[in-house]
Amino acid sequence: MNKRKLISLMGVVGLMMAALCSVSAQEYKAGPSEKDFAGYLFTYFKGNAIADEAVCFAISTDGYTFRALNNNQPILDSKRISSTGGVRDPHILRAEDGKSFYMVLTDMTASKGWDSNRAMVLLKSTDLIHWEHRVINIQQRYQGQKDLKRVWAPQTIFDPSVGKYMVYWSMKYGDQPDVIYYAYANRDFTDLEGEPKVLFLPKNGQSCIDGDIIVKNGVFHLFYKTEGNGKGIKQAITDSLTSGKWVEQPGYKQVTADDVEGSGIFKRNQSDTYILMYDVYKKGKYQFCESQDLDHFKAIDQQIDMDFHPRHGTILPLSRNELNKLIQHWGKPADITLNNVKNPILEGFYADPDVLYSNKTKKYYIYPTSDGFDGWGGYYFKTFSSTDLIAWKDEGVVLDLKKDVLWGNHHAWAPTIAEKKVKGGYKYYYYFTAAQKIGVAVADSPTGPFKDSGKPLIDFKPNGVKGGQEIDPAVFTDPNTNKSYLYWGNGHLAVAELNKDMVTIKENTIKLLTPDRTFREGTYVFFRKGIYYFLWSENDTRSENYRVRYGTSTSPLGPIQIPEDNLILQKDVALGIYGTGHNSVLQLSGKDEWYIVYHRFNYPKGITMGEAAGYNREVCMDKLLFGTDGKILPVVPSH
């Protein structure tokens, strides 16, 4: 590959700074990470007949076998969303917020001629099912467009240098060649900002259409169709989208002698393999090719199986939850096999989960540490809700240290929550770690907003303690007395009774309960059949041997008795599960049915990440079982 003159030192620095800016602009993380991807969505149209110029969906779990949804019928009404009655060339993109989706379409029907259209359609969705749309007619939207003949194949990419979404497409004026132009979308993705500008034109001055851009190692790779002095799919690369400095690569990228168009490129889930696909339109077939370097491609026709004939489309990675939602709405194709994995239960990177059943809302809630920040540097807390312990909804941020907590604006760790009935209603008391101190915030709803008390609740070491940190609070209300207790500590376990206001402690009740040398952190306390159970985590959260032990007592204030074989949750090397710890426990209302909610290294790559595995964790849940003697049985961690 010819990369001469491509990346200057300033270009690299500029790109890195832009990336940092884009992360800070993306205030809170949401949605799935690559580790959560479990399938693919193929968006396509079917042909030149008006009935076939519409958006169709297909799904795959392996990236090789694709099956159409909705019996290969459109999932959107072209007459409702377009100005011409037809749409083509769907391109779909996941937004940087992780939970929104953008789709752009050519607003066109071939029955009116190839030079008949002047518009594109912008669509936005939060669930891949319901879409808001807006038609952008370039000739009407901008002045000086008298000679405009066609607007083809729009696509979208996030430009980190400006923190905006770039829409790029090809246009032809008069007898001039097709040129790829761009403009930025507005914040709502309902319009374009500024005048269209040239994004790319080959040095030979010949037409270029059907551009598709993918980013690899900070470099933008543009695949496009060109004609003149040969024709087919070519590639150009740059380190700055709008610089105009593209390095055109030699040769053609299609692996066929037939005419092709409508190329699309995507990366396989949890893989370093890229797939270039394109429409072999005169043969009525689609070809898939794979590459590791985005330079050399080989056809994999024999591995691809589709029950439909697509035209110009794109592929989007899907999480397990997203895949299930599409199937619930459109129906499951008969020969698509779903992976029945149970864990992780939350998408993205989260840790230190505290679980609650709310008597007010009749829902379950998980309150985790927001993970995925270097050095445990998260600064906000979120909550997730569920009605069935299977599907979990991101309810958003409930407390932001930088905005809501004056005494500690960093290291948001390990929250815990209590629901209390107060004067006929419910109050929620949220204990959290900030800046290695413990605070408390209060709300009228399990989803907040929570108001901080204004000062730390625990910012001191109990008498006799020299090391460790004041972190990892756990709140427990004794069902026998209705008294509430706060537990905390790192390297030591301390407890204090909470006053009735739940925001202050009875200082004369502070007591050390450290069970033994295996105690590190992450305490959790619950009551079952006359026994108080104390659970804690052993070792460092960066260790693959982070694990859970337990002890019992006849009182919430100890002393704690250590049973034999008290190791109840640990890694399973055969399953590739590591770093299991910092748990909470849930009892289903009115039943002797229990679950343990905990975090682990993210699967499957966490074990390869070194220290970073300790702050790129994921939340899991498994059943918690007891023997007839009340002993907790070892938990079998599951996928």
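The backbone oxygen of glycine 614 lies 2.8 Å from a polar atom of the side chain of tryptophan 376. Tryptophan 376 itself belongs to the loop between β23 (363-370) and β24 (380-386); helices (H or I, at least four residues) and strands (E, at least two) are DSSP runs, numbered from the N terminus. The model is predicted: local features need pLDDT of at least 70, side-chain atom pairs count only at pLDDT 80 or more, and totals for chains, interfaces and linings use all residues. Residues are numbered from 1 along each chain as its sequence is written, and side-chain values use heavy atoms, with hydrogens and water left out.

**Tryptophan 376**

- Not counting residues up to four places away in sequence, tryptophan 376 touches Asp371, His411, Trp413, Thr541, Arg542, Gly614, Tyr615 and Arg617, where contact means heavy atoms within 4.5 Å.
- A separation of 47 Å lies between the C-alpha atoms of tryptophan 376 and alanine 119, which are 257 residues apart along the chain.

**Serine 638**

- Serine 638 is found in the segment after β40 (617-624).
- With a relative accessible area of 16%, serine 638 is buried (buried means under 20% relative accessible area, exposed over 50%, partly exposed in between, with a 1.4 Å probe and protein chains only).
- The side chains of serine 638 and aspartate 622 are joined by a polar contact of 2.4 Å. A polar contact is a pair of N or O atoms within 3.5 Å; within protein, one must be able to donate a hydrogen and the other to accept it, and residues adjacent in sequence count only if both atoms are side-chain atoms.
- Beyond residues up to four places away in sequence, serine 638 touches Lys342, Asn343, Ile577, Tyr598, Arg600 and Asp622.

**Lysine 285**

- Lysine 285 lies in strand β18 (residues 285-291).
- Its relative accessible area is 38%, so lysine 285 is partly exposed.
- Apart from neighbours within four places in sequence, lysine 285 is in contact with Tyr278, Asp279 and Val280.

**A five-stranded sheet**

- Five strands form an open sheet in the order β20-β3-β2-β1-β21, with mixed pairing; two strands pair if DSSP finds at least two bridges between them.
- Its edge strands, each pairing on one side only, are β20 (305-306) and β21 (311-319).
- Strands of a sheet pair through backbone hydrogen bonds, either parallel or antiparallel.
- Strands β1 (residues 37-45) and β2 (residues 56-60) run antiparallel and are joined by five bridges.
- Serine 60, in β2, is the bridge partner of tyrosine 40.
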